[in-house]
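Subject: Structure handover

Hello,

Here is the structure I said I would pass on. My notes on what I found follow below it.

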Amino acid sequence: MGEAVTEITQDQLGQAGKVIAVHLNYPSRAAQRGRTPSLPSYFLKAGTSLSLSGRTVERPHGCELLGYEGEVAIIMGKSARRVSPDEAWQHVEFVTASNDLGVYDLRYADKGSNLRSKGGDGYTPVGPGLMPAADVDPRGLRVRTWVNGELKQDDTTETLLFPFGQLIADLSQLLTLEPGDIILTGTPAGASVAVPGDVIEVEVDSPSNGLTSGRLTTTATEGTTPLAAYGAQPRRDETQRAEAWGTPTPKADPVLTPEIKAKLMSVGNATLSSQLRKRGLNNVSMDGLMSTRPEARVVGTARTLRYVPNREDLFKTHGGGFNAQKQVIDSLTSGEILVMEARGDKTCGTVGDILALRAQVNGAAAIITDGGIRDVRAVSELDMPTYFANAHPAVLGRKHIPWDIDATIGCGGTTVQPGDIIVADADGVLVIPPALVAELADDAVQQELEETFIAEMVAQGHGVDGLYPMNADWKSQFTQWATAQ
């Protein structure tokens, strides 16, 4: 055990005018989430969420996913307003352990504010001991979490994305941090779900000198009062379960298997278009676009991004920082195609060279927009094709706000949903519903085989009457020809 320190009291908790939490800060957690932010972002937790070690926390009735997150908590000792990162630590009085508890079943309800999911009574236990900030190295702390005695989280502050000084300086640019305010500094990988009866322990220590917060202990209990119908009800899906438990997001068996992709790569879009038309689908092409790599043929799965018309007040809240555009590009994976709805507005760029390069590095197969692109020369030099309406030098903020990710959108005159199969070549860009892609690929291969036979016959001098399309006699000859191939 490390050296004992002064224990935090209920009165000290009452001095916390603000409880501020950081979304992502540990590289291990960022890797688990599949995205690494370039700048810190925050949310507030209610003062009434604070509690001491040894207390219980209730999982609301009807909820399934009570997540725990062991964190380093820093407690301000002096007011800080517009302080620099270098001087910020001088304004911190104590360091201790915290548990940023939350209910994933309610994350959807407040669109990122986490009010109901993380603001419940007792959802921010801190303590039990207070380590003097002057006695510890903020880059030399360790945070560990146990559930029922089993170690679940173990990481250090040495490689934080955003050091504590940066967090304090950043926050103090816009608001005064006051004595007693608490900042939760992010959680490492290993955060997961607690069920009623579980005992969660979090400890922060300074291995270099033996100081420790001691183990912050919280016991999960089951709520008995259902949430009333006049408020948000618990909601969860497999994605939320995966994020809560800290496991990779479960994926359904891929629709675009290597075999199907190979077939789609082997046929032309003119063939696919005729097969789609046979199935009554006439509005599945993205029209009016050009390509930086017209010689390339691309097959991939759609991810989507929607821009809405710029409105200055909304751009301030949605346009800057790690906005929806940067988030979706940063999360692209191999074989995905980003399709962007720009409402056909060509009077500014919707992507430029840096973000296009990021998409290529992530393995994206293509970017498609029905708006403009910037830095067209540099974008054209990338191996990854970009399909666009025209080049334009203006930034997207001239006309657009990045708004929705992975929603149903319109691009180039057709509807695109996440998971749709996108095929692009010199003839244009097509959208194939996933449910049809397997049979469509087979029929397209067969059609091109037939057309290869027809082309050979025409080259030999045969007329097209009865050959194109084939009558019964020609079909019989085709069967013999195909068997010999």
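I start with a helix pair: α8 and α13 cross in the right-handed sense. Please keep in mind throughout that this is a predicted model. Helix α8 covers residues 269-278 and helix α13 covers residues 437-459; their axes lie 9 Å apart, at an angle of about 120 degrees. On the α8 side, the contact is made by T271, L272, S274, Q275, L276 and K278. On the α13 side, L440, D443, A444, Q447, E448 and E451 take part.

Overall figures

The protein has 485 residues, of which 47% are buried. Its secondary structure comes to 14 helices and 30 strands. Along the principal axes, the C-alpha atoms fill a box of roughly 95 × 50 × 45 Å. Taking contacts with a sequence separation of 6 or more, 78% are between residues 24 or more positions apart.

Strand β11 and its partners

Strand β11 (residues 142-147) pairs with both β12 and β15. Strand β12 spans residues 150-156, and six bridges join it to β11 in an antiparallel arrangement. Within this pairing, W146 has L151 of β12 as its bridge partner, and T145 stands opposite Q153 of β12. The two strands form a hairpin with two residues between them.

As for burial, β11 is largely enclosed by the rest of the structure, because five of its six residues are buried.

L160 sits in the loop that runs from β12 to α5 (164-172). L160 counts as buried because its relative accessible area is 6%, and the cut-off for buried is under 20%. Leaving aside residues up to four places away in sequence, L160 touches N25, Y26, P27 and R139. The C-alpha atom of L160 is 9.4 Å from that of T185, a residue 25 positions away along the chain.

Strand β6 (residues 66-68) is joined to β9 by two bridges, in the antiparallel sense. L66 has V103 of β9 as its bridge partner.

Strand β14 (192-194) is also where the buried residues of helix α6 pack. Helix α6 runs over residues 238-245, and Q240, A242 and A244 in this helix are buried. The residue that follows α6 is G246, with a positive phi near 80 degrees.

Cysteines

How many disulfides does a search of the whole structure find? The count is zero. C348 is in no disulfide, and its nearest cysteine sulfur, that of C411, is 14 Å away. For comparison, the cut-off for a disulfide is sulfur atoms within 2.5 Å. Is C348 buried or exposed? C348 is buried, with a relative accessible area of 0%. C63 also counts as buried, because its relative accessibility is 5%.

Those are the notes for now.

Regards

How values were computed: Residues are numbered from 1 along each chain as its sequence is written. This is a predicted model: local features need pLDDT of at least 70, side-chain atom pairs count only at pLDDT 80 or more; totals for chains, interfaces and linings use all residues. Side-chain values use heavy atoms; hydrogens and water are left out. Buried means under 20% relative accessible area, exposed over 50%, partly exposed in between (1.4 Å probe, protein chains only). Helices (H or I, at least four residues) and strands (E, at least two) are DSSP runs, numbered from the N terminus. Contact means heavy atoms within 4.5 Å. Two strands pair if DSSP finds at least two bridges between them. Axes are lines fitted to C-alpha atoms, for helices over the stretch in contact, and angles run from 0 to 180 degrees between N-to-C directions. A crossing is left-handed if the near helix is turned anticlockwise from the far one by less than a right angle, and right-handed if clockwise.
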